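Welcome to this tour! Please open your viewer, switch to a cartoon view and keep the selection tool at hand.

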Amino acid sequence: NTKLLFTKHYADNQSESNYSSNLYEGILYAATHGTDIINCSWGGYNTNTIAQDIISYVTLDLGCLVVAAAGNSNLETPIYPASYQHVLSVASSDQNDVRSGFSNFGKTIDIIAPGTGIYTTTYNNGYKTDSGTSLSAPIVSGAAALVWANNPTFTSLQVAEQLRVSADETIYTKNPAYLNKLGKGRLDVLRALTLTSPSIRVSNELWVKDDGTSPGPGENARLYIDFTNYLQPSSSQLTASLSSASPFITIVKNEINLGIIPTNTTIRNSTTPFEVILSAALPIDQKVEVLLTFTDG
């Protein structure tokens, strides 16, 4: 009984316009008229808070799942709505599990799915072969409908996490240059319908000194994070490890034990922060990226 809405794509090199504004209105309309899964095979590189508010509202308050195409410009640049919070962002792979040459990539991607040479419908009752993340996203949306039908008590975010956490990570063996930039892996519908696993996501990161103020170059910092488990309870062995390739950060305490986190529960490492030292040579406005890795037995 899951109801889906699919929206057609337009060229993703266009800026946000009245056209895309109308599409965000369309998302709101669909969500308030009984749609459960909203597929957005469109996007632009501009962002605004009103669009994010709409996405958050239809996801958190109305319980819809929004799936969106990651873009076809072969760029490591966030595209929207795919890169908004609470949206399942989908990149494209080919028949050999290699990233499609046109597909965008990056750390905002959640999952990758086939999008090269897809046989699909066209106007006037016809069929054609087409390519694009606009084709990858609806494949994931269809899989989401299957997962939701198989797990009718799931929330929309749980459906998204089940798809993500069950994705096939072996795709990175064929895409080593894009490590951590194609999401959790390639969509695996069978695993999505059968896998039992926790799924941990992070939010509300806070870097502070011991006195609670913001750290600067040459100072120690502590990292506090909210950890949310959307799916099966984790075991007592669940740990989070912090790493970074940046020369401007030294990690003093790199691992914490999170233990058992029940389903749909958020905890914060208030008593066990990660500890780092920022380099005295840290330039102003220098981005320092860190990676969190979760293991559970």
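Strands here are DSSP runs of E with at least two residues, while helices are runs of H or I with at least four residues, and both are numbered from the N terminus. Two strands pair if DSSP finds at least two bridges between them. This is a predicted model, so local features need pLDDT of at least 70 and side-chain atom pairs count only at pLDDT 80 or more, while totals for chains, interfaces and linings use all residues. Residues are numbered from 1 along each chain as its sequence is written, and side-chain values use heavy atoms, with hydrogens and water left out.

Now zoom in on strand 10 (residues 238–243), joined to strand 12 by 3 bridges and running antiparallel to it. Click on Ser241, and you will find Glu255 of strand 12 opposite.

Next, select helix 3 (residues 133–150) and helix 4 (residues 156–165). Their axes come within 10 Å and cross at roughly 115°. Helix 3 and helix 4 are therefore roughly perpendicular to each other (65 to 115 degrees counts as roughly perpendicular, under 35 as roughly parallel, over 145 as roughly antiparallel and the rest as oblique).

Helix 3 contributes Val140, Ala143, Ala144, Val147 and Trp148, and helix 4 contributes Ser156, Val159, Gln162 and Leu163. The residues of this contact divide into 7 nonpolar, 2 polar and no charged. Here Ala, Val, Leu, Ile, Met, Phe, Trp, Tyr, Cys and Pro count as nonpolar, Asp, Glu, Lys and Arg as charged, and the others, Gly among them, as polar.

Move on to the loop between strand 3 (65–69) and strand 4 (87–93), where Pro81 lies. The peptide bond from Tyr80 to Pro81 is cis, with omega near 20°. Asn74 is in the loop between strand 3 and strand 4 too; phi of Asn74 is near 55°, a positive value in a residue other than glycine.

Technical notes. Axes are lines fitted to C-alpha atoms, for helices over the stretch in contact, and angles run from 0 to 180 degrees between N-to-C directions. Contact means heavy atoms within 4.5 Å.
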